[in-house]
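Subject: Structure handover

Hello,

I am passing on the structure we spoke about, with notes on what turned up in it. Please look it over before reading on.

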Amino acid sequence: MNEFGTLKIFEKIRGGKKIRVCAFGSSNTERFDVGMHWFDYVDFGFKNTFGGSVGQFINTGISGNTSTQMLERFERDVAPYSPDLTIVTCGGNDSNPSREISESVFHENLCRMAGLLKALGSEVVFQTYYACDLEHLDPAYAEAIPRYMQIIRDTAEELNAPVNDNYARWERLRISAPDVYRLLMLNSMHVNLYGNMVIGLDLMRKFGFRLPDDKRDFCRTGLIAQCAMDILEKEER
């Protein structure tokens with residue numbers, strides 16, 4: 001599987017250019033817990049495949065951010081790096097009714113973000129959230145999250161941008177095996193180190209990176225969960 005193989009960043013690498021990749025988001029992106037973060041797997045995948053000098057990998061996540069707040073800090077936190085690729089992950093805070101970010105504003109913000117990144121010369125990969133533990137959230141919040149995740153999918157399609165749809169994969173597991181799903185969660189809105197592992201492994205696969213055999217034992221829990229999600233996806237098809 002190499003869904004992101006047509007990204008121009010690979011042409012830059014083959015041309016001998018150094019690359020710069022940013023992760024831009026909220027608490028799903030900010031490093032705030034122990035263990036490898038999903039963005040570490042992206043970093044590892046590129047460097048294991050193309051060598052340690054392939055480029056820089058910069059995490060610009062800030063917990064609690066809505067897409068509006070991300071735009072407000074864009075010139076400070078992203079623009080100075082002039083990234084070649086930016087992985088944008090937002091929507092969990094936007095979908096909280098108390099934050100008052102309407103669905104239309106969320107869509108506009110995503111489009112504006114993509115436009116700003118394009119102006120910098122950056123390609124964009126959008127990500128949906130993993131499935132949140134809806135049973136433990138306020139009903140209005142829980143009802144809104146799937147709609148905002150769909151906006152991410154629709155916007156990515158509209159802009160012809162790649163998307164890593166964590167939500168669809170995780171939601172099948174959450175419904176089919178909630179006890180297993182919760183082994184990957186830190187709390188209702190955040191993944192733990194094993195959840196980060198699953199997201200990271202999925203991204204590595206989409207970029208076309210192979211996990212070395214000598215690293216598979218370390219990633220055993222994530223690989224098992226990834227396999228379970230693959231099986232559920234095949235059954236749905």
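Strands E1 and E3 run parallel and are joined by five bridges. Helices (H or I, at least four residues) and strands (E, at least two) are DSSP runs, numbered from the N terminus, and two strands pair if DSSP finds at least two bridges between them. Within this pairing, Gly25 stands opposite Thr89 in E3.

Before the rest, a note on the source. This is a predicted model, in which local features need pLDDT of at least 70 and side-chain atom pairs count only at pLDDT 80 or more, while totals for chains, interfaces and linings use all residues. Residues are numbered from 1 along each chain as its sequence is written, and side-chain values use heavy atoms, with hydrogens and water left out.

The sheet

E3 is also joined to E4 by five bridges, and these two strands run parallel. Val88 has Phe126 in E4 as its bridge partner. Phe126 is in turn the bridge partner of Val163 in E5, and E4 (residues 123-127) pairs with E5 in the parallel sense over two bridges.

Put together, the strands form an open sheet of five, in the order E2-E1-E3-E4-E5, with parallel pairing. Strand E2 (55-59) and strand E5 (163-164) are at the edges with a single partner strand each, so one side of each is left without a neighbour in the sheet. Helix H2 (residues 38-50) packs on the sheet and touches strand E1 (19-25), E2, strand E3 (85-89) and E4. Contact here means heavy atoms within 4.5 Å. The direction of H2 makes about 175° with that of E2; axes are lines fitted to C-alpha atoms, for helices over the stretch in contact, and angles run from 0 to 180 degrees between N-to-C directions.

How covered is E3? Five of its five residues are buried, where buried means under 20% relative accessible area, exposed over 50%, and partly exposed in between (1.4 Å probe, protein chains only). In a regular strand the side chains alternate between the two faces of the sheet. For E3, Leu85, Ile87 and Thr89 are buried on one side, and Thr86 and Val88 are buried on the other.

Cysteines

A disulfide is counted as a pair of cysteine sulfur atoms within 2.5 Å, and the count comes to zero. Cys22 is in no disulfide, and the nearest cysteine sulfur, that of Cys90, is 15 Å away. Cys22 is buried at 0% relative accessibility. Cys219 is likewise in no disulfide, with the nearest cysteine sulfur, that of Cys227, 14 Å away. Cys219 has a relative accessible area of 2% and is buried.

Pocket and cavities

These were found on a 1 Å grid over the protein atoms alone: a cavity is a set of points where a 1.4 Å probe fits but cannot get out, and a pocket is an open set with protein on both sides within 12 Å along at least five of seven lines. Lining residues have an atom within 4 Å of a point. Grid points are joined across faces, edges and corners, and a volume is the space filled by probe spheres set on the points.

The largest pocket holds about 480 Å³ of space. It is lined by 17 residues, of which Ser122, Glu123, Val124, Leu159 and Asn160 are the closest to its centre. Helix H5 (103-120) and E4 are the elements that give two or more residues to this lining, and H5 gives the largest share, three residues.

There are two cavities of 30 Å³ or more. The largest cavity has a volume of about 120 Å³, and among its 14 lining residues the closest to the centre are Glu30, Phe32, His37, Val191 and Asn196.

Loop residues

Asn160 lies in the loop between helix H6 (139-158) and E5. Asn160 has a positive phi of about 55° although it is not a glycine, and is exposed, with a relative accessible area of 72%. Glu100, in the loop between E3 and H5, has a positive phi of about 60° and is not a glycine either. Glu100 is exposed at 71% relative accessibility.

Phe209, in the loop between helix H9 (193-207) and helix H10 (220-236), is buried, with a relative accessible area of 8%. Not counting residues up to four places away in sequence, Phe209 touches Phe10, Val42, Gly45, Phe46, Thr49, Phe50 and Met204.

Regards
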